[in-house]
Amino acid sequence: MSNFWSLWITVITFIVIFGSLWLLIANRKTEIKGDLEEGEIPKTGHVYDGIEEYENPLPVWWFWMFIGSAVFALVYLLLYPGLGNYKGLLGWTQEKQWEQRVAAANQTLDKQYSIYAATDITELVADPSALRMGRRLFNNNCSVCHGIGGVGANGFPNLSDSEWQYGGTPEAILHSVTHGRQAAMPAWGSILGEQGIVDVTDYILSLGGKDFDPQSAARGATHYQTLCVACHGVDGVGMQALGAPNLADNVWLYNQADTSLVDNIRHSIRNGRNGNMPSHGDKLRPEKIHLISAYVYSLSQTNQ
Ligand code: HEC
Ligand code: HEC
């Protein structure tokens, strides 16, 4: 605030306070004219159109209440900011108050976090208030990618089912969240050619019991045994150590809504996939990761 406005506010404030005090004291008693009879209420002598004004001073308590509020205002303005740029003797600011409250809230939270951090995730699953905190943290930090409730989206795994790329144990989840995960599915387009892609896709479809062309799938099986089995395992069951998904189930990480499943699978094989789960160890405190992981773990427990 510029000095001018600061002074402006200060002067007006003082005029109001001292002006009211002056009004109050100056009008406290009026001089009574003439003698009073027994029991007669004194009059001020003011007459207007034949109407006379009684001398009716403010009750004493009321008078002192006015004085009291003026004194309160002056003391308040001395201690707290209120007069233009003057900061007040106590040095109170909104920021400081906010910081104090945040610190107090953190202290309470810290206590709560450390209790939860010391509790095993398999036990936290039975604690509704821990899961509530975990859900809040999850929605703030993870739902942009994994969706509210961890239901997933194309390219972002569903965390609420019992299918896991890297494992659904508390340890595996903690590891995924803390250190992140980088998937490396190579591109096979140039090695297999389009026919090879079609064939190996049919083989994958046969593993999951879907419609497939048997001749094509038979050719694809050979490709699969040479190129894919090392990561996706025998019969396409997947390998959690590599994050290679199960190809024989009905859960697909890459399944864009406006594309058929067959085209999605072919796209994965032709171009490769490099899903990236960012590490959160440097973004979130371990206590929070512990709670979030408990929440994620609970999702697959209840939905099984
Ligand atoms: C080096 C290990 C590795 C090899 C070899 C490999 N894959 Fe993969 N594959 C992966 C990984 C890891 C993913 C997960 C990619 C991701 O999460 O982004 C994946 C994903 C896929 C997917 C997508 C699954 C989904 O749920 O959407 C398909 C389909 C697939 N692979 C098929 C194949 C086929 C067919 C071959 C052989 C031609 C093959 N892969 C060879 C590691 C491998
Ligand atoms: C920027 C997007 C993004 C954010 C934010 C994110 N994730 Fe992920 N997450 C992914 C992707 C993508 C994958 C799959 C990686 C892959 O393809 O290998 C993944 C994988 C995972 C997995 C492994 C799933 C499995 O099947 O093994 C877990 C667990 C997980 N995320 C939990 C979380 C949690 C908890 C948070 C919040 C702290 C989070 N993620 C935040 C993108 C994200």
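The model is a predicted one, in which local features need pLDDT of at least 70, side-chain atom pairs count only at pLDDT 80 or more, and totals for chains, interfaces and linings use all residues. Residues are numbered from 1 along each chain as its sequence is written, chains are lettered from A and ligands numbered from 1 in the order in which they are written, and side-chain values use heavy atoms, with hydrogens and water left out.

Around ligand 1 there are 26 residues, each with a heavy atom within 4 Å of it. Met185, Cys228, Cys231, His232 and Tyr254 come closest. Polar contacts here are pairs of N or O atoms within 3.5 Å. His232 brings a polar side-chain atom to 2.8 Å from a nitrogen atom of the ligand, while Tyr254 has one 2.4 Å from a ligand oxygen atom. A polar backbone atom of Gly275 lies 2.7 Å from an oxygen atom of ligand 1.

Turning to ring pairs, the whole structure holds 11 aromatic pairs (rings of Phe, Tyr and the six-membered ring of Trp, with centres within 6.5 Å; planes under 30 degrees apart are stacked, over 60 edge-to-face, the rest tilted). Phe63 and Trp64 have ring centres 5.3 Å apart and planes at 85°, so they pair edge-to-face. One aromatic cluster is made up of Phe72, Tyr76, Tyr80 and Trp92.

Definitions and conventions:
Polar contact = N/O pair within 3.5 Å; in protein donor to acceptor, adjacent residues only side chain to side chain.
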